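Let's take a friendly walk through a protein structure, with rings, charges and a pocket as our stops. Keep the picture open beside you as you read.

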Amino acid sequence: MEDNLIVTAFTGILKSAEINNPAEEGDYIGNDGLLYCGKCRTKKERYVKILGEERKVRMMCQCKEAEYEAQKMEMRRKQLEIRKDETFSLSEMKGWTFANDDGKNPSLTEAMKRYADGFPQMIEKAQGILLYGNSGTGKTFAACEVANELIEKGYKVFVSSFSRMANAMQATWEGRQNYLNDLSRYHLLVIDDLGVERQTEYMQEIVYNIIDARYRSRLPLIVTTNLDISEIKNPRDISNTRIYDRLIEMCFPIEVKGCSRRRGKVRENYFEIKQFLGL
């Protein structure tokens with residue numbers, strides 16, 4: 001009885017393999033009695049023993065395997081593209097990867113790589129990073145490098161700013177708590193430009209609620225800011241104290257130094273256009 005069940009199961013598998021790998025024009029039978037692909041000249045069948053009886057089983061030839069792998073890669077590429085569209089507010093951020101790093105701040109790049117590679121431990125510890133320093137030094141690029149790397153690894157990441165998040169919460173005021181709860185779906189939350197949002201009581205409450213929701217979820221976040229670390233540790237506005245205290249508790253501070261890349265790019269563009277116009 002058990003043997004009959006096994007044979008029935010294998011018969012179904014053999015039929016399925018034959019349907020998925022049909023004989024095509026140009027295929028031929030080799031000297032070993034097996035079917036071969038007429039294009040790549042590799043086997044489309046092999047022998048297997050089922051309860052002592054040798055049976056032919058259909059299989060993919062090399063060109064079909066290559067086609068299947070190409071389809072899988074294309075599907076994965078499309079899935080990653082969709083996930084990146086959902087992650088980043090600016091399409092250019094999808095290209096801010098370790099591969100496209102300009103190498104001007106190697107110690108920062110290495111630190112970000114270590115964070116991404118050790119992300120399972122970072123999740124376990126709920127350990128985030130605070131990138132602070134002057135405008136245009138590459139803080140957001142570095143944060144997005146980590147985001148892109150983690151997306152490639154299969155993690156869910158969301159990149160935004162406190163201002164955009166506040167607008168989203170205001171648009172769905174009744175679902176404000178749902179929005180905050182929804183942030184726990186993401187393994188990493190990247191929030192750009194802390195300190196540029198309006199310094200109102202309402203906005204400060206929003207910022208605190210977002211950080212606190214992350215804290216209570218015990219999930220990491222990366223925050224970038226143009227504020228100096230002294231302003232964060234000793235805020236001039238005492239109403240920011242609870243926000244910054246919570247942030248320092250959750251995130252390891254890293255100063256990002258260097259010349260402004262934005263100003264350098266502006267100078268490059270200026271001289272390029274000047275030369276083009278013959279001035």
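## A stacked pair of rings

In this predicted model, tyrosine 28 is partly exposed, with a relative accessible area of 28%. Tyrosine 36 has a relative accessible area of 15%, so this residue counts as buried, since buried means under 20%.

A search of the whole structure turns up five aromatic pairs. In one of them, the ring centres of tyrosine 28 and tyrosine 36 are 5.6 Å apart and the planes meet at 15°, so the pair is stacked.

## An edge-to-face pair

Now look at phenylalanine 119 and tyrosine 155, an aromatic pair that is edge-to-face, with 4.9 Å centre to centre and 80° between the planes. Phenylalanine 119 sits in helix 4 (residues 119-125), while tyrosine 155 belongs to the loop between helix 5 (139-152) and strand 6 (157-161), so the pair ties together parts that are 36 residues apart in sequence.

Are these two residues buried or exposed? Phenylalanine 119 is buried, at a relative accessible area of 0%, and tyrosine 155 is buried too, at 18%. Together with Tyr115, Phe119 and Tyr155 make up one aromatic cluster.

## The second largest pocket

Tyr155 turns up again in the lining of the second largest pocket, along with Arg83, Glu86, Thr87, Ile151, Lys156, Val157, Arg185 and Tyr186. The pocket holds about 180 Å³ of space.

Which helix gives the largest share of this lining? The answer is helix 2 (residues 62-87), with three residues. By type, the lining divides into four nonpolar, one polar and four charged residues.

## Charges over rings

Arginine 242 lies over the face of tyrosine 208, at 4.0 Å from the ring centre. For arginine 246, the charged end sits over the ring of tyrosine 215, 3.8 Å from its centre.

Alanine 126 has a positive value, with phi near 55°. You can find alanine 126 in the loop between helix 4 and strand 5 (128-132), and at 12% relative accessibility this residue counts as buried.

Where is arginine 218? Look in the loop between helix 8 (201-217) and strand 8 (221-225). Phi of arginine 218 is also positive, near 55°.

How values were computed: Residues are numbered from 1 along each chain as its sequence is written. This is a predicted model: local features need pLDDT of at least 70, side-chain atom pairs count only at pLDDT 80 or more; totals for chains, interfaces and linings use all residues. Side-chain values use heavy atoms; hydrogens and water are left out. On a 1 Å grid over the protein atoms alone, a cavity is a set of points where a 1.4 Å probe fits but cannot get out, and a pocket is an open set with protein on both sides within 12 Å along at least five of seven lines; lining residues have an atom within 4 Å of a point. Grid points are joined across faces, edges and corners, and a volume is the space filled by probe spheres set on the points. Helices (H or I, at least four residues) and strands (E, at least two) are DSSP runs, numbered from the N terminus. Ala, Val, Leu, Ile, Met, Phe, Trp, Tyr, Cys and Pro count as nonpolar, Asp, Glu, Lys and Arg as charged, and the others, Gly among them, as polar. Rings of Phe, Tyr and Trp (its six-membered ring) pair if their centres lie within 6.5 Å; planes under 30 degrees apart count as stacked, over 60 as edge-to-face and the rest as tilted. Buried means under 20% relative accessible area, exposed over 50%, partly exposed in between (1.4 Å probe, protein chains only). A charge sits over a ring if NZ of Lys or CZ of Arg is within 6 Å of the ring centre and within 35 degrees of the ring normal.
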